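The tour goes stop by stop, each with something to select and something to check.

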Amino acid sequence: MYRTVAGALAAVALVFASGVAAADPVALQANTPCPPDAVGAATRPAEAKMPLVCSGGSWQAVTTPQPPSDRWLSVGPPILLHGDGRQNPDVQSGDWAATPRDANTRCRAEQVTVLGPGVLSAPEVTEGAADQRLEVTFAPRLFNVTLSGDCLWIRSG
């Protein structure tokens with residue numbers, strides 16, 4: 001009886017483990033292929049100090065501060081980007097559109113802005129519906145923005 005219970009518990013654990021693993025998107029890494037719709041886009045893997053840029057069909061590591069990118073790809077863990085309220089911004093304030101790359105994806109932006117010297121706003125969250133394009137304005141004096149969802153973000157104008 002103990003073997004039967006142990007076997008059943010192992011099977012249940014395997015089902016749950018495989019379900020979670022399949023649901024988690026893979027974090028992007030340098031020198032791995034990037035999707036065709038991401039050409040010219042940047043992304044930032046979790047814990048990375050510098051972004052990756054999709055160039056020549058693969059993700060290339062950036063080694064020096066670059067001008068703010070007007071195309072970002074968020075895949076896997078949320079990416080934290082610095083706005084023009086900080087030195088060496090990753091993104092600029094203005095109008096942005098996020099397009100989900102998967103039917104179940106919701107694009108989400110969480111912004112924090114500079115209110116005054118040493119004073120930051122509470123986070124402001126904008127989230128789209130599943131499989132729907134999200135239009136959002138990144139505020140002037142943007143301190144940082146966290147982008148999430150399997151989405152391609154493009155700055156307009």
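Stop 1: Select Cys-107 and Cys-151. Cys-107 is buried, and so is Cys-151; buried means under 20% relative accessible area, exposed over 50%, and partly exposed in between, with a 1.4 Å probe and protein chains only. A disulfide joins the two residues, Cys-107 and Cys-151, with 2.1 Å from S to S; the term stands for a pair of cysteine sulfur atoms within 2.5 Å. Which hand does the link of Cys-107 and Cys-151 have? The torsion about its S-S bond is about -105°, so the disulfide is left-handed. Cys-107 sits in the loop between strand 6 (94-100) and strand 7 (108-116), while Cys-151 is in strand 12 (residues 151-155). The pair links distant parts of the chain, 44 residues apart. Helices (H or I, at least four residues) and strands (E, at least two) are DSSP runs, numbered from the N terminus.

A note on what you have loaded. This is a predicted model, where local features need pLDDT of at least 70, side-chain atom pairs count only at pLDDT 80 or more, and totals for chains, interfaces and linings use all residues. Residues are numbered from 1 along each chain as its sequence is written, and side-chain values use heavy atoms, with hydrogens and water left out.

**Stop 2: the other disulfide.** The structure holds two disulfides. Select Cys-34 and Cys-54 for this one. Their sulfur atoms are 2.0 Å apart. The angle about the S-S bond is 65°, and the link of Cys-34 and Cys-54 is right-handed. Cys-34 lies in the loop between helix 1 (2-23) and strand 1 (42-43); Cys-54 belongs to strand 2 (residues 52-55). This pair, too, links distant parts of the chain, 20 residues apart. Are Cys-34 and Cys-54 buried or exposed? Both are buried. Number the bonded cysteines in sequence order and the pairing reads 1-2, 3-4.

**Stop 3: Arg-101 and its partners.** Switch to charged side chains. A search of the whole structure finds six salt bridges; each is a side-chain nitrogen of Lys or Arg within 4 Å of a carboxyl oxygen of Asp or Glu. Select Arg-101, Asp-37 and Asp-150. These residues are linked in a network of salt bridges.

- Arg-101 to Asp-37: the side chains meet at 3.0 Å, N to O. Arg-101 lies in the loop between strand 6 and strand 7 and Asp-37 in the loop between helix 1 and strand 1, so the pair ties together parts that are 64 residues apart in sequence.
- Arg-101 to Asp-150: the closest N and O atoms are 2.7 Å apart. Asp-150 is in the loop between strand 11 (142-148) and strand 12, 49 residues from Arg-101.

Color by accessibility next. Arg-101 is partly exposed at 31% relative accessibility. Asp-37 is partly exposed at 32%. Asp-150 counts as partly exposed at 22%.

**Stop 4: a bridge between strands.** Select Glu-127 and Arg-108. Their side chains meet in a salt bridge, 3.8 Å from N to O. Glu-127 is in strand 9 (residues 124-127) and Arg-108 in strand 7, 19 residues apart. Glu-127 is partly exposed, with a relative accessible area of 42%. Arg-108 is partly exposed at 26%.

**Stop 5: Ser-121.** Select Ser-121, in the loop between strand 8 (119-120) and strand 9. Its relative accessible area is 18%, so Ser-121 is buried. Which residues does Ser-121 touch, not counting residues up to four places away in sequence? Gln-111, Val-112, Thr-113 and Leu-115. Contact means heavy atoms within 4.5 Å.

**Last stop: the whole chain.** Clear the selection and show the cartoon. The protein chain has one helix and twelve strands. Buried residues make up 34% of the 157 residues. Of the contacts with a separation of 6 or more, 67% come from residues 24 or more positions apart. The accessible surface of the protein chain comes to about 9,300 Å², of which 58% belongs to carbon and sulfur atoms. Accessible areas come from the Shrake-Rupley method with a 1.4 Å probe; for residues, only the protein chains shown count as cover.
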